[in-house]
Amino acid sequence: MTEQNELIKSRLDALEEIIKLGINPYPHRFDVSSKAREILDTFRDPTDEKELEELRSKKVSIAGRIMAIRRMGKASFCHIKDDTGKIQIYIRQNDVGEKLYSLFKLLDIGDIIGVNGFVFRTKMGEISIHADSFELLCKSVRPLPIVKEEITDTGEKIIHDAFADVELRYRQRYLDLVVNDGVKDVFLKRTKIIKSIKNTLEKYGFIEVETPTLQTIYGGANARPFITHHNALDIPLYLRISNELFLKRLIVGGFNRVYEFVKDFRNEGIDRTHNPEFTQVEWYMAYGDYYDSMNLFEEVIENACIEACGSNKITYQGTEINFSRPWRRIKMTDAIAEKNGIDVLNMKKDDIIKYMKDKHIDFDPAISHSKGLLIANLFEETCEEDLIQPTFVIDHPIDTTPLCKPLREYSMTQIEEMKKDPEQVIFVERFEPYINKWELGNSYTELNDPILQRKLLEEQAERGRGGEEDTHPFDEDFVRAIEVGMPPTTGVGLGVDRLVMLLTDSYSIRDVILFPLMKPVDSKI
RNA sequence: GGGCCCGUAGCUCAGUGGUAGAGCAUCUGCCUUUUAAGCAGAGGGUCGGAGGUUCGAAACCUCCCGGGCUCACCA
């Protein structure tokens, strides 16, 4: 009925013909001896006829998907693509016989074949495989969106009719991967980056662990969770928004250095840097503080960058970014002073509010009770935009997190006094690494004082994020663990997707997630 | 959620009120070193959906569906 069906029908007809020839269009295996890249790299020198002559006797077996066919009567060329690249195949009826050649006539772009033959160079100079025989390994019955490549005289590659509809590319990633060169490279780089992060951590004795995705109480971050239900127990369960509280329990339990790559799930908006499920790596190190974490963070990122890009300098969307260590470290209040020329520490809370109003800086009135949150807000609104090169913004107000230890310069009694005065701001040993204006992670000298921990978590649970519905449940068992005693510890969370975006020069987070969340659709193919 | 933009053949796109188009892909024929192969011919569309305006709508209006960008939200 539709054109699509006619295209499929002609392929189904071909499939029937193939079966009539007594050929199994879906055989079980094929011995692969060579890869396209390897062959092209080996036979790079077009003038070396002697070498080519020698290799004529050497047989290769290669398998891949047909990406282009040029038939010329009783001889044909096609390009096949394997997991390393594309290579041209030359097939003559004289060489493969009439039966196989008639099979070849029934093949389409998208079919997968295995070829036995020898390497040669065509008149036009392209390294190709001269087929002695070939085998159909999979008949494709659904057409591919054809991409045509043209190599200009200057060696420039022009892509014609690129499969560019981003919606279809994300929904049918398998097509995107087959047809669009470069997509696969992004994901290969992604695994390289993850492997590099693991290598750096393993080098320092970190152990990979696994903690629950389904949690009865969520915590460790401020975000709305996805809620699901367990039938047998008849209880609500939450998809984790963070694994922080579990990893700390492991530190309590005696694992001194742990890390975990996890999918976190946050029921928030979707945009260029946010997907509802995203990958984070968190690591925790006993007996260290946030300075140790900064040093390790720099090393992890620089290593990953060199591993993936071959250099510690990259260009992201036209902006050069230099990951060389050490990175700039600046206190949040100094960053504000530098940008705004004001010293928030010597300003009254109301003066800060007035300053922000005068400068037309937006802030939620619900935070006006907290000088610390106002400072954090002022920082975000005025300073983030300048943080292109890797920068650690350190020492955040305590109201921004209940899980981080106050600066070491305070005494415990001092903290009690300061908490009573709304004009005093307690700062905590927290840093956020900024690159290209993005928060790439989060790190603390972890709070291990059980009395203060309980108090801060209770306060937060009460506050309920300024009247919002999604109050954070109080995790009694976590506090119990801290009461058992956690050694001095530092921990780091790193947003893997955003790091991969930077290192692959990807504009959207969807370009670094193989199957990003898409609205369901039923009628679209 | 707000604003702006997009949806026409399998793919990439033209088409601003008067009989739905191009290239590639597909089908038929020719072609034993081609390469965006070539030559000759053919088929293929509820123009995202529904309603409206009009003698007449792919185009104009309304609503809906899907998507993109952006702002807000997401410490």
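With which residue does Glu-458 form a salt bridge, and how far apart are the closest N and O atoms?

Modeller: The model is a predicted one. In it, Glu-458 pairs with Arg-454 in a salt bridge, and the closest N and O atoms are 3.9 Å apart. Both residues belong to helix H15, which covers residues 450-467, and they stand four residues apart, about one turn of the helix. Glu-458 has a relative accessibility of 37%, so it counts as partly exposed. Arg-454 is likewise partly exposed, because its relative accessible area is 22%, and the limit for a buried residue is under 20%.

As for the wider setting, side chains of opposite charge can pair when their charged atoms come close. The structure holds 43 salt bridges. One of them joins the side chains of Asp-511 and Arg-169, at 4.0 Å from N to O. Asp-511 lies in the segment after helix H17 (496-504) and Arg-169 in helix H6 (residues 166-171), so this pair ties together parts that are 342 residues apart in sequence. Asp-511 and Arg-169 are both buried.

Another salt bridge brings together the side chains of Arg-190 and Asp-497, at 3.0 Å from N to O. This pair also links distant parts of the chain: Arg-190 is in helix H8 (residues 183-203) and Asp-497 is in helix H17, 307 residues apart. Arg-190 and Asp-497 are buried as well.

The largest nonpolar core has 95 residues, of which Ile-197, Trp-283 and Leu-494 touch the most other members. Helix H10 gives the most to this core, with nine residues. Beyond its neighbours up to four places away in sequence, Ile-197 touches Phe-261, Val-281, Val-300, Ala-304, Leu-494 and Leu-499. A second, separate core of 28 residues has Ile-23, Ile-80, Val-119 and Phe-134 among its members.

Helix H10 spans residues 290-309 and includes Ser-293. With 0% relative accessibility, Ser-293 counts as buried. Its contacts, leaving aside residues up to four places away in sequence, include Met-285, Phe-431 and Thr-490.

Finally, the structure holds zero disulfides. The sulfur of Cys-309 lies 4.6 Å from the closest cysteine sulfur, that of Cys-305, which is too far for a bond. For Cys-78, the closest cysteine sulfur is in Cys-138, 15 Å away, again too far for a bond.

Definitions and conventions:
Residues are numbered from 1 along each chain as its sequence is written. Chains are lettered from A and ligands numbered from 1 in the order in which they are written. This is a predicted model: local features need pLDDT of at least 70, side-chain atom pairs count only at pLDDT 80 or more; totals for chains, interfaces and linings use all residues. Side-chain values use heavy atoms; hydrogens and water are left out. Helices (H or I, at least four residues) and strands (E, at least two) are DSSP runs, numbered from the N terminus. Buried means under 20% relative accessible area, exposed over 50%, partly exposed in between (1.4 Å probe, protein chains only). Contact means heavy atoms within 4.5 Å. A nonpolar core is a set of buried Ala, Val, Leu, Ile, Met, Phe, Trp, Tyr and Cys residues joined through side-chain atoms within 4.5 Å. A disulfide is a pair of cysteine sulfur atoms within 2.5 Å.
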